[in-house]
Amino acid sequence: MSRICQVTGKRPIKGSHIWRSGKAKKKGGIGTHVTGITKRRFMPNLQRVKVIVDGEVKYMRVTAKAIKKGMITKAPKRTWKKSA
């Protein structure tokens with residue numbers, strides 16, 4: 001299953017982790033130098049929530065930001081018991 005928000009369409013983005021060595025010139029060194037770069041991915045904060053869509057309760061994978069903004073309406077908690 002892909003890591004994409006079903007409401008906002010937010011997906012992982014590419015980035016890099018940069019290693020530096022040396023002492024900054026401000027602190028009396030000769031300057032910092034890049035010694036290595038590693039590719040990495042920034043993942044969206046996806047949550048699996050019950051959402052009301054067109055009167056039906058469905059599970060969706062939504063970012064936490066979309067939940068905080070109120071872009072979805074959460075389904076109410078179940079109050080009845082299942083019959084045996």
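## The largest pocket

The lining of the largest pocket is made up of 5 nonpolar residues and 4 charged ones, with no polar residues among them. Keep in mind as you look around that this is a predicted model. The space in this pocket comes to about 250 Å³.

Now turn to the surface. Ile18, Val34 and Ile37 make up a nonpolar patch there, and together they have about 270 Å² of accessible area. Ile18 belongs to strand S1, which covers residues 13–21. Its relative accessible area is 34%, so Ile18 counts as partly exposed; the partly exposed class runs between the under 20% of buried residues and the over 50% of exposed ones.

Ser21 is also a residue of strand S1. With a relative accessible area of 35%, Ser21 is partly exposed.

## The loop at Asp54

Between strand S3 (46–53) and strand S4 (56–63) there is a loop, and Asp54 sits in it. The backbone at Asp54 deserves a look: its phi is near 55°, a positive value in a residue that is not glycine.

The relative accessible area of Asp54 is 77%. Because exposed means over 50%, Asp54 falls in the exposed class.

## Met71, after helix H1

Helix H1 spans residues 64–69, and Met71 lies in the segment that follows this helix. Met71 has a relative accessibility of 46% and is therefore partly exposed.

Met71 and Thr8 are 63 residues apart along the chain, and 8.9 Å separates their C-alpha atoms.

Methods: Residues numbered from 1 in each chain as written. Predicted model: local features only at pLDDT ≥ 70, side-chain atom pairs only at ≥ 80, totals over all residues. Heavy atoms only, no water. 1 Å grid on protein atoms, 1.4 Å probe; cavity = no way out; pocket = protein on both sides within 12 Å on 5 of 7 lines; lining within 4 Å. Points joined across faces, edges and corners; volume = space filled by probe spheres on them. Nonpolar A, V, L, I, M, F, W, Y, C, P; charged D, E, K, R; others polar. Patch = residues over 30% accessible without salt bridge, like charges linked within 9 Å, V, L, I, M, F, W, Y side chains within 5 Å. Areas by Shrake-Rupley, 256 points an atom, 1.4 Å probe, with all protein chains shown as cover. Salt bridge = Lys/Arg side-chain N within 4 Å of Asp/Glu carboxyl O. Helix = DSSP H or I, 4+ residues; strand = E, 2+ residues; numbered from the N terminus. Buried < 20%, exposed > 50% of the residue type's maximum accessible area, 1.4 Å probe, protein only.
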